[in-house]
Amino acid sequence: MLSLYIHIPFCRRKCFYCSFVVSVGQDHRMDAYLDCLSQEAANYQGRRFASVYIGGGTPAYLGAPQLQRLFEIIRRHFTVEDGAEYTVEANPESLDE
């Protein structure tokens, strides 16, 4: 069973417990990051995954249009099995309806 991990490095601030690569104050680069992510994903076109984990950073810090675009990139480039588990890391303060 293959799992797909996608790192979204953007955060509002760096948490004291975090040891991951993150970008604070770089919101203007989110769309360019997704452009590059799409180009990289094309190298793995058609790979099949049983689960998708989106971590970071704070992936939920992306705006709704950017999250939608991220899932479109996944659908366009990969085959995700029916009933696959999707996980998206989030900090409660970065969520809204």
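Here is a short walk through the sheet, a helix, the core and a loop.

Before you click, know that this is a predicted model, where local features need pLDDT of at least 70, side-chain atom pairs count only at pLDDT 80 or more, and totals for chains, interfaces and linings use all residues. Residues are numbered from 1 along each chain as its sequence is written, and side-chain values use heavy atoms, with hydrogens and water left out.

**Stop 1: the sheet.** You're looking at an open sheet of 3 strands in the order E1-E4-E5, paired in parallel; two strands pair if DSSP finds at least two bridges between them. E1 and E5 are at the edges with a single partner strand each, so one side of each has no neighbour in the sheet. From one strand to the next, the twist averages 20 degrees (axes are lines fitted to C-alpha atoms, for helices over the stretch in contact, and angles run from 0 to 180 degrees between N-to-C directions).

**Stop 2: across the strands.** E1 and E4 pair over 6 bridges in the parallel sense. Pick Ser3 and you'll find Ser51 of E4 opposite; pick Tyr5 and the residue opposite is Tyr53 of E4. E4 and E5 also pair in the parallel sense, over 6 bridges, and here Tyr53 stands opposite Thr87 in E5.

Stop 3: Buried means under 20% relative accessible area, exposed over 50%, and partly exposed in between (1.4 Å probe, protein chains only). Now move to E4: 7 of its 9 residues are buried, so this strand is largely enclosed by the rest of the structure.

**Stop 4: helix H2.** Select residues 64-77. H2 has 14 residues and reaches 20 Å from its first C-alpha to its last, close to the 20 Å expected at 1.5 Å a residue (that span is 1.5 Å times one less than the number of residues). Which residues of H2 are buried? Colour Gln66, Leu70, Ile73, Ile74 and His77. Look down the axis of H2: its buried residues fall within an arc of 95 degrees, so they line one face of the helix (the arc is that of the directions from the helix axis to the C-beta atoms). On the other side, Ala64, Pro65 and Arg75 are exposed. The buried residues pack against E1, H1 (30-42), E4 and E5.

**Stop 5: the core.** The largest nonpolar core has 18 residues, and Ile6, Ile8, Ile54, Leu70 and Ile74 touch the most other members. Such a core is a set of buried Ala, Val, Leu, Ile, Met, Phe, Trp, Tyr and Cys residues joined through side-chain atoms within 4.5 Å. H1 gives the largest share, 4 residues.

**Stop 6: Thr58.** Finish in the loop between E4 and H2, where Thr58 sits. Is Thr58 buried or exposed? Thr58 is buried, at a relative accessible area of 7%. Leaving aside neighbours within four places in sequence, Thr58 is in contact (heavy atoms within 4.5 Å) with Ile8, Phe10, Cys11, Asn91 and Ser94.

Notes:
Helix = DSSP H or I, 4+ residues; strand = E, 2+ residues; numbered from the N terminus.
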